[in-house]
Amino acid sequence: MPITSASTGLHETLALLTSQLHPDANHKEDLVFLQDVFSEKSLGYIMKIHDKLKEYERHSPSPVLHSASCLAEDLAEELQNKPLEEDERELLLLLSTPHIKAVLSAHDTVAQKNFDPVLPPLPEEVDNDLKEESVKIVRLVKNREPLGATIRRDEATGAVIVARIMRGGAADRSGLVHVGDELREVNGNLVTHKRPEEISQILSQSQGSITLKIIPAVAEDDKMKESRVYLRALFDYTPYEDKATPCQEAGLPFKKRDILQVVSQDDATWWQAKRVGDCSLRAALIPSTQFQERRLRYRMKMGSFPATISPKAPMCMLLGPAEDCDGEGAVNGKDTATASLRRNFKKEVKKDRHASPVEAKTPDVDQTGFLIYEEVTQYLPRPGDRPRLIVLIGSVGARISELKQKVIADNPRSYGLAVPHTTRSRKCHEREGIEYHFITRAAFEADIHNSKFLEYGEYKDNLYGTSLESIHKVLAQNKVCLMDVQPEALKTLRTAEFKPYIIFVKPRISESQKTPHGSSLSLRITEEDLQEMRSSAEKMDQCCGHWVDHVLVREEPASAVAELQLLLERVQTEPQWVPVSWLR
């Protein structure tokens, strides 16, 4: 026999073996036959292909993307809905050719390991009770992924029935398992007397090939068309903590602000959805709006709400003045000669913690409605549209005023501030309509009565407020209006009229920020200060985090300003998710 090593390919081994065949008198006919077979060109080509595949397999390749064809379709759809440049028109033409579509489809099939299963022959021995029924043997291959199906026990017959098929899962890709099918065996084990939880555990623990014996449903439903409904999650969800889910393994965990694509709403209780941006094509279960609202109402009635779910859209008022109040309490004041009450961190946290110089108020805020989902779509301002309003909210230590002033100072032609109103007397260096709009108390109170103010407050017997009209004036100049407001004002601003993009600014909090005791007392940051910063950020996220589009964690001024400027450019030039109601 020829001597080979572990690295020797099958094709090389075959060639070496052929060269070693020397016919002798006793076995001449057999050896000549073998030599002819081994020398056949087609066999040599097969061996070469085998070696190449083995070499490819040793590199353990993994696909970058599992859904190239879907991505190409989405891109083509987006290109068709806008005026095209020459390069874009050429790209659309390429994406529309059948050859490119076929290549991308083949890529996705390989990437998903979506190969047709090999069906074993129907066993000769069939149970007596199955002789009158149609039996289907299904072999599925799953690799470290759920099977993608849930089961239930039929109360009338006791049969184990396939309750739902998850989109994109192994069962769905095979096309061989359908809702309503009766499951009799799993890998040769009878399951008719097992509980659904036991069967699910067997399926989840099985790897590689799984053989199912199924009694097909009388009428198989047509394959459902995938919907294009997108939702913004307004609460955190962990299926492994939800005892109501039909199958915890089939649940989709998500966080507040995640965008979900709902692909099936056929089940009134559990919808099938995917997180936008996930590589996985398999859909998973999320509670429907009706079901989530129903159990939240029940828990509210019983007086018990889970920590991760807020029963109603809460509105919170944080203690302390608005961040941009000047020394006399003006909201959004521009007087650089007057030190801001909350301009630096020490003044924010060392002021009287129980006093509130300006108690901001917002008129007629609706506090009803459960936080479940919000239907959204992508929106990009078109030429001629007013810029989107930029709203910044911040916790203690965020120092939003500095960020706004720096952004506007760098580009005053593109960004502006809404000029506030006040009833106090004008100072000698102040200009009407620049630092403030100076009006009488009677006029101010009349505007309050007519709901003209977004928010307002009183300080030292003077009224201060930001009017909706002052916001419109900035937007009418085709400038981006930057605002920081109390959380209560968000309810008024989140309308199709303003289409606000809401940014939550919070400081990075770590123990290393604490100042040594030898430092100046006025600049010392204590453990108490850090705890107040943490508490403020948590309260802000709890009361209005579901409305936030982006969280900006402020580390140091330069990087925070750069990140904010980049974000502001993207808001005006790239599609962003907004409530569907804003575009209807």
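**Exercise 1.** How many bridges join strand 8 to strand 9, and do the two run parallel or antiparallel?

*Solution.* The model is predicted: local features need pLDDT of at least 70, side-chain atom pairs count only at pLDDT 80 or more, and totals for chains, interfaces and linings use all residues. Residues are numbered from 1 along each chain as its sequence is written, and side-chain values use heavy atoms, with hydrogens and water left out.

Step 1. Strands (E, at least two residues) and helices (H or I, at least four) are DSSP runs, numbered from the N terminus. Two strands pair if DSSP finds at least two bridges between them.

Step 2. Strand 8 (residues 259-264) and strand 9 are antiparallel and are joined by four bridges. In this pairing Ser264 stands opposite Gln272 of strand 9. Five residues separate the two strands, which form a hairpin.

Step 3. Strand 9 is also joined to strand 10 (residues 284-287) by four bridges, again in the antiparallel sense. Here Ala273 is opposite Ala284 of strand 10.

Step 4. Buried means under 20% relative accessible area, exposed over 50%, and partly exposed in between (1.4 Å probe, protein chains only). Strand 9 (residues 270-275) is largely enclosed by the rest of the structure, because five of its six residues are buried.

**Exercise 2.** Give the strand order of the open sheet of five strands, and state which helices lie on it.

*Solution.* Step 1. The order is 13-18-12-19-20, and the pairing is parallel. Strand 13 (415-416) and strand 20 (550-554) are the edge strands, each pairing on one side only.

Step 1. Two bridges link strand 13 with strand 18 (residues 480-484) in the parallel sense. Across this pair, Tyr415 faces Val480 of strand 18.

Step 2. Contact means heavy atoms within 4.5 Å. Axes are lines fitted to C-alpha atoms, for helices over the stretch in contact, and angles run from 0 to 180 degrees between N-to-C directions. Helix 13 (residues 468-476) lies across strand 13 and strand 18, at about 150° to strand 18. Helix 16 (residues 557-573) also packs on the sheet, touching strand 12, strand 13, strand 18, strand 19 (501-507) and strand 20, and makes about 165° with the direction of strand 20.

**Exercise 3.** Describe the surroundings of Arg232.

*Solution.* Step 1. Arg232 belongs to strand 7 (residues 229-233). Arg232 counts as buried because its relative accessibility is 4%.

Step 1. Beyond neighbours within four places in sequence, the contacts of Arg232 include Asp258, Glu374, Asp549 and Trp577. A polar atom of the Arg232 side chain is 3.3 Å from the backbone oxygen of Trp577.

**Exercise 4.** How many disulfides does a search of the whole structure find?

*Solution.* Step 1. A disulfide is taken as a pair of cysteine sulfur atoms within 2.5 Å. The search finds zero.

Step 1. Cys481 is buried at 0% relative accessible area, whereas Cys70 is partly exposed at 39%.

Note on methods. A polar contact is a pair of N or O atoms within 3.5 Å; within protein, one must be able to donate a hydrogen and the other to accept it, and residues adjacent in sequence count only if both atoms are side-chain atoms.
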